[in-house]
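Work through each one yourself, then read the solution.

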Amino acid sequence: MSSSACETWMRLSDREAIGDALSDEEQSLLRSHPSSCAACGSEAAGWRRLRRALDEGRVDDAGDANLMDRVLADHVHAPPRASAPAPTKRPKARGRGLSTLGVAAAALAVAAAAVIYVRRGGRTTEPKPGVSASLMQPSVAEVTFAAGGVELASPASVTSVAGTVLSDGATVRTTTGTACLRIEPGVRVCLDRETEIVLADRVLAHRRLDLTRGRVVATLDPQPIGALFTVTTVRDTAVTAHGTIFAVETHDDAVVVRVDEGAVDVKDAKRTRKLTAHESLGIGETGSRPMTDVEEALDRTLARAGELWGGGPRSTLSIDSNEPGTLVTVDGLSVGVAPVSMLVTPGEHTVRAGDGEGETFQVNEGEGWSRTPSPPPAPTSGHRLHGASSRARSLRATTDRFGAERATAAELLSEARDLRAGGHSADAAVAYRELEAQYPGSPEAHASFVLLGDVELANLGDASGALRSFDAYLRRPGELTQEARYGRIRALRALGRSTDERKAIEDFVATYPASVQVRSLQSRLEELRKP
Amino acid sequence: MSTKGVKETDVGPDTQHQEDVELMAKVAAGQEDARRSVAARLVGRARRVARAFLRDAADADDAAQVGLIQILHSAGTYAGKSSLERWADRIVVRSALRMARQRRRRHEVTDEDTSVDDLRSDESGPEGDSTLAAHLSQLTEANRMAVVLRHIMEYSIEETAELTGVSPNTVKDRLLRGREQLRKLLRRDAVIEAATLAKPTRASS
């Protein structure tokens, strides 16, 4: 075949490709030439193979199944819509829980949703079944633990909330208390104070919680392949985590993911990043940072309540107190502020409320044990902490009673926070100071300076004390430096030290130009600059 | 190119797609079985489409995921004017092109200064034909997009221009350059194949 014929064929082929109209004669040549020319025939075959590539190509079945799970889990976030959403935008967090409960969370800057897919990697318990019918069954979800201020969308008092089975759409909200849920098989989720979640989907293949605000710590036992557990938060970001213990926290429009164990893929609209154990990532930040000891301790402390009942046979404990804010200890473990309702394994247990003596009892499977103890009168002698009341003494007594097993710094920090959550600000301040005294130099004690400063400023009206506390923290800057500097600004304002406040604001804005406080601080700065 | 390259909206409703219209209506109504059925039917194709555009397999799966979610979200808008696959392809293609743009921005690489070596990848291209995939990976990104959209996805020049955000003339230019690159590779294959076949083979005992 002549090269000129081949040149003609290639030119016609190109013209057809770019959409030029060809005459009948040209089309005829285009069809006939390849059969008489091996080189052009080979090229024509190549173009045909390209057209068949989509129909004949195959990637991998496992990948297809995995992706399908992700798609189905993700898609159920939003109700069907008439028009296509922006593909990387997720719908705003649904407000059903908010409106139902009238929660004062409307101020939450909910921009969109972030997703945290959590699947267990490498610890599967069954051969891959694909997306079997069993994976489409709804899982049992129930409350296993509640202490302090906890509310459910369905009417239930906190003292009887443990064992409450949750259906899709159920809202659990903590105010001053904490709570834990169990979603079968083997997912335990604990809610920090001022946290709200909606149980969005219980189907095993795409179990999902919507975290509206606050902090949750999830702990997963080995999961069947194909089982998916998703936590959504409120940010235009998608995060995929593979891990056994992880925490998700959202405040205002910030989302932070921490991994205590395992590894996590954090995915937002722009990228996917891997977080390994003991790393923390703020969505929108450029890189991860190591988890602090305080963060790890606090996450594990919160998760601890989810371990109190490990599934299987159960009994129920209900402990209330005549005195609000009474700390409750079960089997030597501080579980929070009364009222407490929890599932436990049947057997012998010891409960202590406030300063009262511990009570040991036997509870059988399926039975409940409840107590409304009256706290004993305050002792008239014995060691008294500086400025401490009965609850702060309780903290110390707990520590002493453990002896060699005295409370860890993390436990003390947690208990101090419980005191504050119970409305006992003065006692909380004492507890924070006690922590600093018992564990000087510890990460918890260091962090407690900021927490103490906040209590002093917000609850005790002690701006001078707060300033001292914030300054104490800033002498050794750490992970809470930004919070400490912001607290210092508020303290200076409360003290009327305008010049110092202005300087502090200017420094803060220059250092944290993207922080959420900048807008309000700049307004304040303008006020301060006015003659 | 055939009518496959025409926009869905340009083609009248086709009763042969009525079943799919009903299926997508069920998806829009929130029926779980329908949702799963559509996802299962489209997931493999969506991945292949995305991989034709994105060199990184994880990126491609991400794009496919976003596209599939949007397909499910938009189920109520499917009118049966083309096959479900064809309708879905367009959504996935947009998702993949968007992802490709994001990746390009992140790496601060422009179409024009992307080297051929940068675009080589074992993961790219239609997986069903490793030779074609390898050849496609040697094209510059812009030319490759044009070739993929036109020859694999079978979109018209105008559709390709709309999807890639450039003028039809630019599409034609890229397509011709891409075809020229690919042509050389295809013809080289033919020469190699012919030479291989011409070699004397050792007789088996």
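**Exercise 1.** At roughly what angle do the axes of helix 2 (residues 32-53) of chain B and helix 6 (residues 141-152) of chain B cross?

*Solution.* A note before we start: this is a predicted model, where local features need pLDDT of at least 70, side-chain atom pairs count only at pLDDT 80 or more, and totals for chains, interfaces and linings use all residues. Residues are numbered from 1 along each chain as its sequence is written, chains are lettered from A and ligands numbered from 1 in the order in which they are written, and side-chain values use heavy atoms, without hydrogens and water.

Step 1: the two axes, lines fitted to C-alpha atoms over the stretch in contact, cross at roughly 150 degrees and come within 9 Å.
Step 2: helix 2 of chain B is therefore roughly antiparallel to helix 6 of chain B (angles over 145 degrees, on a scale from 0 to 180 between N-to-C directions).

**Exercise 2.** Find the residues where these helices meet.

*Solution.* Step 1: from helix 2 of chain B, look for B:Arg51, B:Ala52 and B:Phe53.
Step 1: their partners in helix 6 of chain B are B:Arg144, B:Met145, B:Val148 and B:Leu149, with contact meaning heavy atoms within 4.5 Å.

**Exercise 3.** What follows helix 12 of chain A?

*Solution.* Step 1: helix 12 (residues 481-495) of chain A has 15 residues.
Step 1: next comes A:Gly496, with a positive phi near 75 degrees.

Technical notes. Helices (H or I, at least four residues) and strands (E, at least two) are DSSP runs, numbered from the N terminus. Angles under 35 degrees count as roughly parallel, over 145 as roughly antiparallel, 65 to 115 as roughly perpendicular and the rest as oblique. The expected span of a helix is 1.5 Å times one less than its number of residues.
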